[in-house]
Amino acid sequence: MKKLFFTILVLVSFSATGQNYIQDSMTIKRISNYVLSNANCYEDLRHLCKQIGHRLTGSSQAAQAVDWGKKTLEDAGCDKVFLQEVMVPHWVRGEEEAYYEVNGKRYGMKITSLGNAVGTGEAGIKTPIVMVNDIHEFNRLPESEVRGKIIFFNYHFDQTNINTFHSYGPCVFYRWAAPSRASAKGAAAVVIRSVSSAYDDEPHTGVLSYDERYPQIPAIAVGNTTADKLVEAVENNKRPKIYMRTTCKMLKDVKSYNVVGEIYGTELPKEIICFGGHLDSWDVGEGAHDDGAGVVQSIDAIRTFKKLGIRPKRTIRCVLWMNEENGARGAKEYMRQAKLKNENHILAIESDAGGATPYGFGLTMPSYKKDKVQSWKKLFYPYNIYNFSRSGGGVDINPLHKEFDTPTMGLIPDGHRYFDMHHSDNDVFENVHRRELCMGTIAMTMMVYLVSQHGL
Ligand SMILES: [Zn+2]
């Protein structure tokens, strides 16, 4: 009797799983067909990039993006769309010019101030450069060699990593922390080799962080080919000088918003799955990959649920965060509101690694939850989504994880070209491919669908 009962139990649970599997794979195929043939995300991205343009926090374009995001989520058919007010930093770039000088001859340089940096003042700064290849070399320099000079951090993006994000982290140290390290020894300004995998002359911006203990000094980036020329001049003992004039500055905080749109769950509406990207971008290029792609994919996930008449059992919530790039104030405010309302986020997903072909999700969650996600692998394989082995999150959802231990995921697209474009004039709509972008939408929608039906 006991054995019979066990056999029936196994059969029932097996057929239930089998039924789920067939139903899920059919729904997922419908999702994929719909997205690939309708491609709303691509046209949305065109609008965001070409009609609005880059969207630095505090700018009028960022405000336009908020209005656009709200209207687009309303048109997508959300049950509810709302804004979360948040005060954000307002940094402006102003003017910038620079050249380097070798044997009295001047060579123009394309530069970009690092985000949140101070300017040089109207007169600019001109000094011989002191080049170091990394922070260890810099640490060995006596203060007398640094004081009053422009320090050139010639740290290279490591081309040997297959996962380019592994090269990004070590480089970012120089963008983030080197200006204050140099200031601590009395440097006048800092130049960094761009955090870039491209063999071109595009400078890449990105946020820096000043250490309050030291004076804030100007900091700029140069493209890889200009950096190579500076290296050559230094190595040939030509004692190059740099002139730079930048007028960037931080203004008073301004009011801005996160944009949130949701579809209520039919059975467990209090369990929330949030997913999204960030509306703001740097003020160079068009913020197409970073992070227009994540924004339009997330909106399209909502639209796809509505168009196909899929009712999620749990609440699904698309969030377009503000100020990811130079403050993460939107991320902090979103978490604060979630705490205030005692919301239960069962999962947060961020798409903020570009709009290229996706091949997996990074997962940060306890192993029994990972096992549940891994059990869906077979459903993802037909779409070439196969990698669930890394950890994952994002600047906008990390506060949720920190405060509530919310499980987080990051979409993983192919990263070979991402750091050629990231935070530079190369990050434009033309560099995003329609099908690749759509595959990201499909991956996000699939994951949101599976968790909305089966929990986590
Ligand atoms: Zn981003």
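Predicted model: local features only at pLDDT ≥ 70, side-chain atom pairs only at ≥ 80, totals over all residues.
Visitor: Which residues of α8 are called buried, and what makes them so?
Guide: A residue is buried if 20 or more other C-beta atoms lie within 10 Å of its own. In α8, Thr226, Ala227, Leu230 and Ala233 are buried.

Visitor: Why are they said to line one face?
Guide: Look down the axis of α8. The buried residues fall within an arc of 120 degrees, so they line one face of the helix. An α-helix has 3.6 residues a turn, so residues three or four places apart point the same way.

Visitor: What does that buried side pack against, and what sits on the face turned away?
Guide: The buried residues pack against β2, β5, β6, β7 and β8. The face turned away carries Glu232 and Glu235, both exposed.

Visitor: Why are β1 and β14 called edge strands?
Guide: The open sheet runs β1-β10-β12-β11-β13-β15-β14, with mixed pairing. β1 and β14 each have a single partner strand, so one side of each is left without a neighbour in the sheet.

Visitor: How do you know that β1 pairs with β10?
Guide: Pairing needs at least two bridges. 12 bridges join β1 to β10, and the two strands run antiparallel.

Note on methods:
Residues numbered from 1 in each chain as written. Buried ≥ 20, exposed ≤ 12 C-beta atoms within 10 Å, placed from the backbone. Helix = DSSP H or I, 4+ residues; strand = E, 2+ residues; numbered from the N terminus. Arc of directions from axis to C-beta. Contact = placed C-beta atoms within 7 Å.
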